[in-house]
Amino acid sequence: MAKLSKIALSEERCRDGVWITFFEDIELCIRPAGNAEFRVAMQKKARRHVNAALLVDGDADVRDATIPAMARHILVGWKNLLQDDGSELSYSPKAADKLLRDPRFGSLYDFVSRVSSDEQLYRESEIQAAEGN
């Protein structure tokens, strides 16, 4: 048996996201896919498409349907991400949307999807374990 506290999500981590190293020293701030704002955005998108097949007509369609909400409500920050000229790429939902759509950076989309689906990262018990409680 397990106590409810073992499965409880941290309100702070769900609201603010968690910082995860993506590649070398690039850090991404990622919120869980189950966060309320993302769910509402996806529900609104689904309502605009009465025929649900429009949203699930293949991986590319699913990706295209989720990217705007993912860029605004899941991938909420980054650090140490440089453009090719060496200048820092500032985070914005628009910049995140552009990167998530670019097929050259498909691994970014996959990583954000995978991390945002890993509820263990957002559990209250994980914070307590890290603090030694």
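Cys29 is buried, as its relative accessibility is 4%; buried denotes under 20% relative accessible area, exposed over 50%, and partly exposed in between (1.4 Å probe, protein chains only). The model is predicted, so local features need pLDDT of at least 70 and side-chain atom pairs count only at pLDDT 80 or more, whereas totals for chains, interfaces and linings use all residues. Residues are numbered from 1 along each chain as its sequence is written, and side-chain values use heavy atoms, with hydrogens and water left out.

**Exercise 1.** Classify Cys14 by accessibility and state how many disulfides the structure holds.

*Solution.* Step 1: Cys14 has a relative accessibility of 17% and therefore counts as buried. Step 2: a disulfide requires a pair of cysteine sulfur atoms within 2.5 Å. Step 3: the structure contains 0 disulfides.

**Exercise 2.** Identify the members of the largest nonpolar core that touch the most other members, and the element that gives the most to this core.

*Solution.* Step 1: a nonpolar core is a set of buried Ala, Val, Leu, Ile, Met, Phe, Trp, Tyr and Cys residues joined through side-chain atoms within 4.5 Å. Step 2: the largest one has 26 residues, of which Leu28, Ile30, Met70, Leu75, Trp78, Leu100 and Val112 touch the most other members. Step 3: among the elements that supply at least two residues each are strand 2 (26-30), helix 3 (59-73) and helix 5 (106-116); helices (H or I, at least four residues) and strands (E, at least two) are DSSP runs numbered from the N terminus. Step 4: helix 5 gives the most, with 5 residues.

**Exercise 3.** List the contacts of Trp78, leaving aside its neighbours within four places in sequence.

*Solution.* Step 1: contact means heavy atoms within 4.5 Å. Step 2: the partners of Trp78 are Trp19, Glu27, Leu28, Leu89, Ser90, Tyr91, Ala95, Ala96 and Leu99.

**Exercise 4.** Describe the backbone and accessibility of Glu24 and of Asn80.

*Solution.* Step 1: most residues other than glycine have a negative phi. Step 2: Glu24, although not a glycine, has a positive phi of about 50°; Glu24 lies in the loop between strand 1 and strand 2. Step 3: with a relative accessible area of 65%, Glu24 is exposed. Step 4: Asn80 has a positive phi near 65° and lies in the loop between strand 3 and helix 4. Step 5: Asn80 counts as partly exposed because its relative accessibility is 34%.
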